[in-house]
Amino acid sequence: MRERQTSQGARRAREFEAFVAGAAGRLLHAATLLTAEDRDDNPRARRLLTLSLAHTYASWDRLRGEDPYDRARQHLATRFARTAWHQYGGLGRARPHPGSPLGALSPQERLIIVLRLYEGVAEEQAAALLGLSTERVRAICGRATTTLLHPPRGPAPKVTGAEVVPS
């Protein structure tokens, strides 16, 4: 009995290690996009990834044909949403790294952009995961995409007399 449990535990560990070897890099990149941290200095993203992988490992035997990557991504997204809600009183603005490609977006916009465009999650699935309507997800994704494609301009130059002085 004990030998059987040991061999099952070893098999489980090997399967999970193989999953992590294949999925951790992409999940870390998604977490870094979510937290809007620098890719070389991303402690919040690494914490999100660690918690997501720990949760996936804890439920590994109960997956029963479910995609472990899907489960890890779901946990990553919901954990990020919950953390953003508690830290910032809602999915409002956090202080992203200035060099982050998604730094101009709110945490909710980043979450939807990462799920929809980076991860390829369908609108309906993203809406169900986040507890929003499909129309709301579509509207937020559209607004965020517009912000990314057409970033806000800087301040207008100061005008003194007839001469334009750049700021």
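1. Just after helix H4, Gly120 adopts a positive phi of about 70°. Helices here are DSSP runs of H or I with at least four residues, numbered from the N terminus. The model is predicted: local features need pLDDT of at least 70, side-chain atom pairs count only at pLDDT 80 or more, and totals for chains, interfaces and linings use all residues. Residues are numbered from 1 along each chain as its sequence is written, and side-chain values use heavy atoms, with hydrogens and water left out.

2. Helix H4 itself (residues 107–118) is mostly covered, with nine of its twelve residues buried (under 20% relative accessible area with a 1.4 Å probe, protein chains only; exposed is over 50%, partly exposed in between). Among the buried residues are Glu109, Arg110 and Ile113.

3. Helix H1 (residues 2–35) spans only 43 Å between its end C-alpha atoms, whereas a straight helix of 34 residues would span 50 Å at 1.5 Å a residue (1.5 Å times one less than the number of residues). H1 bends by about 50° at Ala23, the angle being taken between axes fitted to the seven residues ending there and the seven starting there. Ala36, which follows H1, has a positive phi near 60°.

4. Ser52 lies in helix H2 (residues 43–58) and is buried, with a relative accessible area of 1%. Leaving aside residues up to four places away in sequence, Ser52 touches Ala72, His75 and Leu76 (heavy atoms within 4.5 Å).

5. Ser133, in the loop between helix H5 (123–130) and helix H6 (134–149), is partly exposed at 36% relative accessible area. The side chain of Ser133 reaches the backbone nitrogen of Arg136 at 3.1 Å.

Conventions:
Helices (H or I, at least four residues) and strands (E, at least two) are DSSP runs, numbered from the N terminus. A polar contact is a pair of N or O atoms within 3.5 Å; within protein, one must be able to donate a hydrogen and the other to accept it, and residues adjacent in sequence count only if both atoms are side-chain atoms.
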